[in-house]
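Let's walk through a protein chain together, one step at a time. Keep the sequence and the 3D view open while you read.

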Amino acid sequence: MAQCLGPALLLLWLLLSDSAAARNRCVDAAEACTADTLCQRLRTAYVAQCLGPAAPGGCPRARCRRALRRFFARGPPALTHALLFCPCGSPACAERRRQTFVPACAFSGPGPAPPSCLVPLDACEHSRVCRPRLLAFQASCAPAPSAPDGCPRDQGPSCLRAYAGLVGTAVTPNYLDNASARVAPWCDCAVSGNRREECEAFRGLFTRNRCLDGAIQAFDRGWPPVLQDQLDSRQDLEHSPLQVSSADGPLKGCPVLSMLLVLASQLLL
């Protein structure tokens, strides 16, 4: 029994470490982007622009958004989308996801309260950059009443691409809080006058869009292989000390270690 104590304690420590990490997919996505030269270069560029110097009380929003558009247009889609749509099960993970593209500059502001959604909508309608992207988003994430679940089959990837294409435009959407996966541009319809219906319809493209919600949820089930491969290889490295302790022979006579191994296999699924 004494010879099992060392391996058992080591495995217990690894289990506790993994529990603390809680499989934060947004961390996995950030690490995968850092490991990719192009993704890291484009990400560093937009962070530098969005946090760059500007007039007092403001931020270089135009340069920030331009760099963001470049990131999503030129970066590897599997990595850029993983940063944007990584699934979360905790407020800490969700807040990291919400802060992905420096929202203090690219998303919210300049005032403390959100404007009417008619403001970004009108700006988008008159923008050669934003208008075609908004039209593409509307077409790619549109419902299909005749479909079994109300959305066209295999619509998800094109819907997410179109959504990502809006980041860095006048109608840049983002997660609204760290307690859900609700998304919308930074605006509301409290003050929209006789255009209230138009305002609500625009905001509803994000807040009441079952096809967009379904596409974001489905992204977890189709987690990009490049990220899963990285996660698997990292777990192999983290658990490699176990190979040394178990190579001496079978686990007969080590019931504690056997039980912990079973628990480990369940936690790592």
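Accessible areas come from the Shrake-Rupley method with a 1.4 Å probe, and for residues only the protein chains shown count as cover. By that method the protein chain exposes about 14500 Å², with carbon and sulfur atoms supplying 59% of it. Please keep in mind that this is a predicted model, where local features need pLDDT of at least 70 and side-chain atom pairs count only at pLDDT 80 or more, while totals for chains, interfaces and linings use all residues. Residues are numbered from 1 along each chain as its sequence is written, and side-chain values use heavy atoms, with hydrogens and water left out.

Now for the overall picture. The protein chain has 15 helices and two strands; helices (H or I, at least four residues) and strands (E, at least two) are DSSP runs, numbered from the N terminus. Of its 269 residues, 40% count as buried. Buried means under 20% relative accessible area, exposed means over 50%, and partly exposed is in between (1.4 Å probe, protein chains only). Contact means heavy atoms within 4.5 Å. Among the contacts in the protein chain with a separation of 6 or more, 71% are between residues 24 or more positions apart.

Let's turn to the aromatic rings. A pair of aromatic rings is described by the distance of the centres and the angle of the planes. Rings of Phe, Tyr and Trp (its six-membered ring) pair if their centres lie within 6.5 Å; planes under 30 degrees apart count as stacked, over 60 as edge-to-face and the rest as tilted. This rule gives seven aromatic pairs. One of them is the tilted pair of phenylalanine 85 and tyrosine 163, with 5.6 Å centre to centre and 50 degrees between the planes. Phenylalanine 85 lies in helix H5 (residues 77-85) and tyrosine 163 in helix H10 (residues 156-166), so this pair ties together parts that are 78 residues apart in sequence. Phenylalanine 85 is buried, at a relative accessible area of 1%, and tyrosine 163 is buried too, at 2%.

Phenylalanine 137 and phenylalanine 206 make a stacked pair, because their ring centres are 4.9 Å apart and their planes are at 15 degrees. Phenylalanine 137 belongs to helix H9 (residues 130-140) and phenylalanine 206 to helix H11 (residues 196-207), so the pair ties together parts that are 69 residues apart in sequence. Both of these phenylalanines are buried. Ring pairs join Phe85, Phe137, Tyr163, Phe202, Phe206 and Phe219 into a cluster.

Helix H9 also holds serine 140, which counts as buried at 18% relative accessibility. A polar atom of the serine 140 side chain lies 2.8 Å from the backbone oxygen of alanine 136. Leaving aside neighbours within four places in sequence, serine 140 is in contact with Gln155, Ser158, Cys159 and Ala162.

Next come two loop residues with a backbone angle to look at. Most residues other than glycine have a negative phi. Valine 102 is not a glycine, yet has a positive phi of about 50 degrees. You can find valine 102 in the loop between helix H6 (91-98) and helix H7 (103-106). Aspartate 154 also has a positive phi, near 60 degrees, and lies in the loop between H9 and H10. Is each one buried or exposed? Valine 102 counts as buried at 14% relative accessibility, whereas aspartate 154 counts as exposed at 67%.

Finally, look for the sulfur links. A disulfide is a covalent bond between the sulfur atoms of two cysteines; here, a pair of cysteine sulfur atoms within 2.5 Å is counted as one. The count comes to ten disulfides. One of them joins cysteine 26 to cysteine 86, with S to S 2.0 Å. This link of cysteine 26 and cysteine 86 is right-handed, with 90 degrees about the S-S bond. Cysteine 26 is in helix H2 (residues 25-35) and cysteine 86 in the loop between H5 and H6, 60 residues apart. Both cysteine 26 and cysteine 86 are buried.

Cysteine 124 and cysteine 130 form another disulfide, with their sulfur atoms 2.0 Å apart. The torsion about their S-S bond is about -95 degrees, so this disulfide is left-handed. Cysteine 124 and cysteine 130 are both buried.

Terms used. Polar contact = N/O pair within 3.5 Å; in protein donor to acceptor, adjacent residues only side chain to side chain.
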